[in-house]
Amino acid sequence: MRTIIAGAALTALAVLSTLTTACSANTAGTAAPAAPGGAAPGKDSPAVGFVFVGPKDDYGYNQAAYQGSQEVAKVFPQLKVITAENVPEDDNAARVMNSMIAKGARIIFATSYGHLDAALKVAAEHPDVVVVQQGNLITGTTPPNAGTFFGTVYEPVYLAGIAAGKATKTGKLGYVYAFPISQTIDNIDAFELGARSVNPTVKTYAVSTSSWCDPAKQAEAAANLLKQGVDVITQHQDCTATVIKATEAAGAMTVGYHADASGIAPKGWLTGSQWNWGPLYSDIVRTALAGTFTGSKYNANFRVGYKTGDNPFVQSPYGPGVDEETKKLVDAAKERLRNSSPFAGPVRDQEGKVRVPEGTVPDYETIEKIDYFVEGVVGSLPKS
């Protein structure tokens, strides 16, 4: 899967990374060797590096990550914060990370799903450097200087599905997504499950662009969905403005993702989901600087959500079209999720097969391995 993503990202972006410096301030299954001289990985690092797969102003995923990096710069004014945009999900990522290490960074954030292989390679080569990856999962033994982290993205997406299910007049929702990886499948399923919880006959039409950011493909996908009678569109793309603007121009409703884009959809904006990375990034940096990363909660596949109370993925503001009844339904569902899950059973797939039995609440790890669309989603996943 990562090979597909890397190739698509390289084709779509086709831009070598540009390093900018802001001075404000196991391989799965194989453990890395100890840091030279017994030094704790990341301890007293003079710099921290952030690698982004797209531009920092994409009105989406990379912009949110960049904003998190700038909060780190404010919290730790003594650190040199190094950022790199448009870094493909291939060996170029390792090259960029090594360049950051040469500039003094002993803490590296690789922020895209497909950066994991490069991140683990760099971690193995530099045992004194903490390398954390955003969104993927390390299988097998986690190196002492590495880890992954993410929020439970599907929880606020489920809540947004409730708003969409209440707002639709046609009973047809649209979902423009990049690749059929676990995160996007979870989100599409959660969106439909949220919508069906208040509108049992609603359907979600899922369309893949095979790219994290291709405005032409996004515009085409949105146009096709609108022609089918879809009147609410959401997405899992890195850059989000194209789909939102196209939906607004057509007089349809939109649900955002990654960032608050209500300003470009003043009429059709319902709500959405957005990142608040600053507090989590800062705590990871703080842990590494103190020399306590190894064995910490971040030296693992770290996940947080409504159950833990500190999900970095939060609900976006409501638009003018969301009534008080819908807001109360969303609030009630959010309270339920503190002890449950959007995927609490029974959950059936498109063929009607029970995938999560009644009375079962799957854990985070199980949910991140979901490889099927739920009942009500229109569209197919590639056969493996």
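**Entry 1: Serine 210**

I looked up serine 210 and found it in the loop between strand 8 (203–208) and helix 7 (215–227). Helices (H or I, at least four residues) and strands (E, at least two) are taken as DSSP runs, numbered from the N terminus. Residues are numbered from 1 along each chain as its sequence is written. The model is predicted, and local features need pLDDT of at least 70, side-chain atom pairs count only at pLDDT 80 or more, and totals for chains, interfaces and linings use all residues; side-chain values use heavy atoms, with hydrogens and water left out.

Serine 210 is not a glycine, yet I noted a positive phi of about 55°. I record serine 210 as partly exposed because its relative accessible area is 38%; buried means under 20% relative accessible area, exposed over 50%, and partly exposed in between (1.4 Å probe, protein chains only).

**Entry 2: Aspartate 44**

I then turned to aspartate 44, which also is not a glycine and has a positive phi of about 55°. I placed aspartate 44 in the loop between strand 1 (18–22) and strand 2 (47–51). Its relative accessibility is 57%, so aspartate 44 counts as exposed.

**Entry 3: The chain as a whole**

I counted 11 helices and 16 strands in the protein chain. Of its 384 residues, 57% are buried. The accessible surface comes to about 14,600 Å², and 52% of this belongs to carbon and sulfur atoms. Such areas come from the Shrake-Rupley method with a 1.4 Å probe; for residues, only the protein chains shown count as cover.

I checked pLDDT, the predictor's confidence in each residue, from 0 to 100. The chain mean is 90, and 90% of the residues reach 70 or more. Over residues 1–34, however, the pLDDT is below 50, although this stretch has 95 contacts in the model beyond near neighbours in sequence. Contact means heavy atoms within 4.5 Å.

**Entry 4: Threonine 168**

I located threonine 168 in the loop between helix 5 (154–167) and strand 7 (172–177). Threonine 168 is buried because its relative accessible area is 9%. Leaving out residues up to four places away in sequence, I listed Leu173, Asn199, Val202, Asp231, Val232 and Met253 as the residues that threonine 168 touches. Threonine 168 and aspartate 231 are 63 residues apart in sequence, and their C-alpha atoms are 6.2 Å apart in space.

I found alanine 332 in helix 10 (residues 324–337). Alanine 332 counts as partly exposed because its relative accessibility is 37%. From alanine 332 to leucine 159 I noted 9.8 Å, C-alpha to C-alpha, for a sequence separation of 173 residues.

Proline 346 is in the loop between helix 10 and strand 14 (347–348). I recorded the peptide bond from glycine 345 to proline 346 as cis, with omega near 5°.

**Entry 5: The second largest pocket**

I looked up the second largest pocket and noted a volume of about 180 Å³. A pocket is an open set of points on a 1 Å grid over the protein atoms alone where a 1.4 Å probe fits, with protein on both sides within 12 Å along at least five of seven lines; lining residues have an atom within 4 Å of a point. Its lining includes Asn276, Lys297, Tyr298 and Asp310. Helix 9 (278–289) and strand 12 (301–304) are the elements that give two or more residues to this lining, and helix 9 gives the most, with 3 residues.

Terms used. Points joined across faces, edges and corners; volume = space filled by probe spheres on them.
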